[in-house]
Amino acid sequence: MNIVVCIKQVPGTTQVKINPDTGTLIRDGVEAVVNPFDEYAIEEAVRIKEKNGGTVKVITMGPPQAEAALRTAISMGADEGYLISDRAFAGSDTWATSYTLTAGIKTLGKVDLIICGKQAIDGDTAQVGPGVAEMLNIPFVAWVRKVAELNETSIKVERMMEEGYDVVEMPLPALITVVKEINEPRMASLKGKMKAKSANIVKLDTTNMEVDHELIGLKGSPTQVLRSFVPERKSSGEKISGETAELAQKAASVIQNLGIVK
Amino acid sequence: MGIKVNLEKCVGCTLCVKACAMDAITMADKKAVIDTAKCNLCAACIEACKKFQAITITKDTSSKIDVNDYKNVAVFIEQHEGKIAGVSYEMLGEGRKLADQLGEKLVAVLLGSNMGDAANDLVKYGADKVVYCDSPELVKFRDDTYCALVCEFVNSDKPAILLAGATAVGRSFIPKVAARVWGGLTADCTGLDIDKERKLLLGTRPAFGGNLMATIIAPHHRPQIATVRHKVMKAATRDDSRTGEVEIKKVDASKIVERTKILDFVKEIESTVNIAEADIIVSGGRGMGKAENFELIRDLALALGGAVGASRAAVDNGWIPYSHQVGQTGKTVCPKLYIACGISGSVQHMAGMQSSDFIIAINKDPAADIFQIANLGLVGDALQILPELTKAFKERNK
């Protein structure tokens with residue numbers, strides 16, 4: 001089974017805080033990490049490999065330093081890392097990113113299953129996984145919480161919906177995006193870390209990938225950020241302490257006054 | 001093309017350096033220098049440099065379409081088992097406003113079977129035109145089929161704007177539609193507006209778990225597509241005097257190559273209220289102590305007609321299924337009232353609920369972070385306060 005995992009390097013979430021006084025981002029000790037949802041994707045791929053055999057290739061698009069994310073994935077059990085990096089890709093939105101990742105995946109030979117995290121925690125768009133599936137023209141299921149069955153030709157998964165889950169089957173090759181519930185990612189072993197350190201990361205750019213230059217980077221991106229701003233913080237309201245009955249009564253009257261309880 | 005610093009205007013104040021989340025700006029000779037390899041063009045620096053206007057982003061495009069060929073606001077109507085999802089009424093309400101601002105029509109797109117009355121009703125909720133694709137294959141959501149039909153609609157009707165709920169369904173297949181038609185998609189919007197001069201959709205959405213807001217445009221591509229978060233927009237109200245056109249499309253959906261097969265659906269939410277659509281959510285965290293104590297949460301939710309939520313700690317302890325988890329790794333919610341019980345308020349949890357209209361926090365620890373965003377904070381034991389509160393509403397309901 002040839003499995004590909006698409007990952008993204010993101011700023012560690014807890015570090016991205018806003019200074020309420022200046023309205024600027026606090027980046028003290030910001031550390032770049034593998035997008036947490038992608039760790040579930042890596043873990044699931046490695047588990048499938050351990051059970052069914054095969055290889056796990058991880059691919060990412062980003063600045064040269066995103067190589068570190070690929071090494072983290074290898075330390076968790078992935079076999080090969082591919083870094084798509086080229087200034088020509090700068091300014092890519094989710095459409096151009098999907099396009100470029102698709103071009104990168106096409107260099108990897110036969111692929112049976114592609115796994116992505118459900119979304120990246122910096123942009124929170126959840127668009128690149130389905131975008132890649134569409135551009136590769138392969139079937140796709142989002143929000144996978146369990147791979148129930150997998151064989152050479154098809155996969156059966158559980159898809160989380162708002163009120164429960166669907167059991168969905170599709171032929172391979174296919175793409176799934178996974179949610180947190182699917183597994184518990186392992187810590188890298190010492191052996192894994194050693195392997196990651198010496199692993200050869202394959203570099204992909206406009207010279208060794210087939211891309212239409214009209215469809216990459218800013219030119220290929222339909223969307224553009226007009227403005228970003230720090231949202232207005234809700235001023236913290238009233239905080240009261242006292243006897244239980246008193247507190248409950250206060251809460252009851254506040255809720256009552258909201259006029260939303262039928 | 002791209003992002004540029006006008007060296008004559010740059011005064012070297014370093015505000016942009018602080019505003020940059022990507023660490024892409026450094027100072028050299030007291031002027032800002034942007035590393036374009038790190039920059040993700042989020043425009044935070046442009047906002048920071050409003051006073052001096054030294055940073056600009058210019059955009060070149062390969063799009064060859066004539067945006068003037070595209071007109072009207074289309075809304076994808078989501079249905080489950082023949083019942084129209086609440087979020088779709090919100091899309092109709094918001095879509096109506098946008099269409100009026102543009103002086104264009106509102107078109108509702110419904111995929112389903114045996115839903116003729118519901119299709120007619122969409123007119124009463126504000127649609128000028130309803131495109132109803134009727135086929136037994138459309139009862140259940142399936143990616144390939146829904147994507148194919150919505151793309152077909154986009155290609156034939158050429159809407160300038162397409163809206164859908166940011167639901168499990170919408171966020172699954174709408175990105176495929178955008179990928180196929182090269183449309184500009186903004187996910188999970190919490191605000192929509194129109195730039196009247198340029199006739200552009202302005203989609204505002206949270207990023208970095210709600211710590212940063214971004215307004216996105218797609219100037220040269222059509223349609224401009226947005227998925228919109230539940231409960232943020234006002235639902236359309238029914239007006240029986242409204243008239244409009246209903247176009248029924250007999251679709252032979254069996255001709256569409258559908259590669260996914262739905263074998264089963266297992267209902268999992270214990271109460272009947274879906275947390276993404278709930279107006280009221282009562283949520284429990286580590287402070288609830290044990291699984292049995294979640295009954296207190298359920299009791300209050302029931303008395304208020306709300307849904308049950310949970311923090312990651314409660315889910316990880318196995319007190320309640322993951323489908324109830326609110327937060328960055330769970331669901332993002334914005335009900336009218338969120339009651340956080342025994343939840344300390346991690347950054348990740350708050351990212352999932354801080355846009356709620358009104359927040360009540362109950363926690364023993366007066367220094368808990370959750371109090372910072374609560375409209376009303378009760379310093380006390382949730383295990384004691386919850387039964388009292390439930391009682392107050394039960395008595396009222398009698």
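Predicted model: local features only at pLDDT ≥ 70, side-chain atom pairs only at ≥ 80, totals over all residues.

## A helix pair in chain A

Residues are numbered from 1 along each chain as its sequence is written, chains are lettered from A and ligands numbered from 1 in the order in which they are written, and side-chain values use heavy atoms, with hydrogens and water left out.

H3(A) covers residues 94–105 and packs against H4(A) at an angle of about 55°, with the axes 8 Å apart. Helices here are DSSP runs of H or I with at least four residues, numbered from the N terminus. Their axes are lines fitted to C-alpha atoms over the stretch in contact, with angles running from 0 to 180 degrees between N-to-C directions. H3(A) and H4(A) are therefore oblique to each other; angles under 35 degrees count as roughly parallel, over 145 as roughly antiparallel, 65 to 115 as roughly perpendicular and the rest as oblique. Residues in contact (heavy atoms within 4.5 Å) include A:Trp95, A:Tyr99 and A:Leu101 of H3(A), and A:Val132 and A:Met135 of H4(A). By class, this contact has 8 nonpolar, 5 polar and no charged residues. Ala, Val, Leu, Ile, Met, Phe, Trp, Tyr, Cys and Pro count as nonpolar, Asp, Glu, Lys and Arg as charged, and the others, Gly among them, as polar.

## A helix pair in chain B

Over in chain B, the axes of H7(B) (residues 294–304) and H10(B) (residues 382–397) come within 9 Å and cross at roughly 25°, which makes H7(B) roughly parallel to H10(B). The crossing of H7(B) and H10(B) is left-handed. Among the residues making this contact are B:Leu296, B:Leu300 and B:Asp299 of H7(B), together with B:Leu386, B:Phe393 and B:Lys394 of H10(B). The contact of H7(B) with H10(B) has 10 nonpolar, 2 polar and 2 charged residues.

## Where the chains meet

Chain A brings 94 residues to the contact and chain B brings 119. Together they bury about 9,400 Å², 58% of it on carbon and sulfur atoms; buried area is the accessible area (1.4 Å probe) that two parts lose on being put together, summed over both.

How many salt bridges cross the interface of chain A and chain B? The rule, a side-chain nitrogen of Lys or Arg within 4 Å of a carboxyl oxygen of Asp or Glu, finds 8 there. One salt bridge pairs A:Asp166 with B:Lys140, with the closest N and O atoms 3.3 Å apart. Another links A:Glu134 and B:Arg180 at 2.5 Å, N to O. A:Glu134 lies in H4(A) (residues 128–136) and B:Arg180 in H6(B) (residues 170–181), so the pair joins two chains.

Note on methods
Left-handed = near helix turned anticlockwise from the far one by under 90°.
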